[in-house]
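Welcome! Take a moment to look over the protein shown here, and then let us walk through it together.

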Amino acid sequence: MADLAEKEMDNPTFRSDTVLSDVHLHCPSKRHLMVRLNAVGQPVFLSYFKLLWSTEDLASGKHVREITTGREQQCRSGDELCDKDRSNVKEERELNSEGVEALLDDDGDLEVVRRPRSASNLQAEELLRDIVCPVILMKGKEDAFEDEEQECTCSDVVKIEHTMATPLEDVGKQVWRAAFLLADYILFQRDTFRGCSVLELGGGTGITSIIMGTVAKRVYCTDVGEDLLAMCEQNVALNKHLMEPGGGEVKVKELDWLKDEFCTDPETPYSWSEEEIADLLDHCSVIMAADVFYDDDLTDALFRTLYRITHNLRNSCTVYLALEKRLNFTLRHMDITCEAYSHFRNTLNDLENLQDGKMKYTVEHIKPDFCQFLVYERIEQLELWKIMAEHLT
């Protein structure tokens with residue numbers, strides 16, 4: 001019986017093959033246009049993600065101070081509101097300290113004094129985000145998008161085609177928060193990435209590569225699956241105007257972490273040419289990946305790919321990894337755990353402690369307190385890591 005119980009604990013009791021990202025609930029677009037069905041019959045939606053500055057200002061950094069100042073003003077306003085809250089709490093405590101008699105009604109029953117919801121909570125929510133429920137529009141209702149198009153200019157909106165709910169194997173077709181965090185960091189440190197050659201692993205819908213393309217010279221956005229790569233390529237085309245001012249380009253390519261070589265078969269869509277592989281290995285100085293650490297086997301495969309590519313690069317390279325810690329209650333531990341994140345951290349430590357005489361990896365945690373240039377919910381579970389990969393020989 002004990003063995004049977006142990007086996008049952010090892011197996012999940014509740015199963016679901018659908019994964020849902022809630023990013024679309026926290027974006028400024030209140031409507032989501034269903035533009036088509038993809039090759040496997042999944043609805044594809046078009047969402048607008050607003051930049052808090054326009055791409056024409058990327059070169060000059062004109063709005064950085066304005067955005068920072070605005071956030072400081074929000075923080076100051078929030079502090080003032082918090083002071084009001086503290087004052088209300090103090091008054092309540094003074095009331096309660098007057099004695100039990102003050103809390104009894106005429107019949108002698110206990111009367112609980114409840115503090116009404118403070119205005120500070122409402123105002124703070126307005127400052128941080130605007131949560132909206134998506135209104136799904138079918139194809140042929142494009143006129144319903146006119147309001148959003150009038151509010152946004154071409155230079156301050158990223159248009160992304162994506163799905164909203166998929167099986168686990170298709171999560172790359174959704175938009176995830178860590179991609180926005182990494183995009184924020186790119187815009188915040190745009191001088192660091194200006195003119196670089198960049199490789200993104202697990203690019204998904206391509207939103208991070210598109211943002212990188214506004215400052216970098218060339219971005220190789222990679223993933224697996226022809227349907228996903230076609231969606232990514234469509235998104236690059238939709239946002240080509242964002243990259244044109246800086247002269248950047250994004251190339252969508254297949255890169256399978258479970259294989260040791262680049263796909264060079266000319267009959268395979270999104271394969272690599274020998275010239276592109278040579279360009280990547282000769283000039284790539286930045287590798288990035290966002291929200292790809294949800295499966296232990298894939299995490300292992302990603303780090304093997306990172307080692308292989310950084311080892312073959314001509315020059316040293318900086319790797320940026322963004323992720324969201326997802327907490328789950330498991331029957332195995334009878335507790336809330338984050339096993340995928342724990343495995344990621346263990347593998348990251350193994351990479352840093354690697355001593356093969358060929359490569360040296362230095363790991364640094366980047367505090368996510370930089371400016372926010374895209375509208376999304378920056379929760380405390382988001383993390384960003386920086387890895388310096390250096391050749392020893």
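Strand β11 and strand β15 (residues 382–391) run antiparallel to each other and pair over eight bridges. Within this pairing, Val319 has Ile387 of β15 as its bridge partner. Please keep in mind that this is a predicted model.

β11 also pairs with strand β10 (residues 284–290), this time in the parallel sense and over five bridges. Here Val319 of β11 is the bridge partner of Ile287.

| Strand paired with β11 | Sense | Bridges |
|---|---|---|
| β10 (residues 284–290) | parallel | five bridges |
| β15 (residues 382–391) | antiparallel | eight bridges |

Is β11 itself enclosed or open? Eight of the eight residues of β11 (residues 317–324) are buried, so the strand is largely enclosed by the rest of the structure. Cys317, Val319, Leu321 and Leu323 point one way, while Thr318, Tyr320, Ala322 and Glu324 point the other way, and all of them are buried.

Now for the protein as a whole. It has twelve helices and 15 strands. Of its 393 residues, 44% count as buried. The protein exposes about 21200 Å², with carbon and sulfur atoms supplying 49% of that area.

Finally, how many disulfides does the structure hold? The number is zero. Cys196 is in no disulfide, and the nearest cysteine sulfur, that of Cys284, lies 8.9 Å away. Cys196 counts as buried at 12% relative accessibility, and Cys371 is buried with a relative accessible area of 8%.

Notes:
Residues are numbered from 1 along each chain as its sequence is written. This is a predicted model: local features need pLDDT of at least 70, side-chain atom pairs count only at pLDDT 80 or more; totals for chains, interfaces and linings use all residues. Side-chain values use heavy atoms; hydrogens and water are left out. A disulfide is a pair of cysteine sulfur atoms within 2.5 Å. Buried means under 20% relative accessible area, exposed over 50%, partly exposed in between (1.4 Å probe, protein chains only). Helices (H or I, at least four residues) and strands (E, at least two) are DSSP runs, numbered from the N terminus. Accessible areas come from the Shrake-Rupley method with a 1.4 Å probe; for residues, only the protein chains shown count as cover. Two strands pair if DSSP finds at least two bridges between them.
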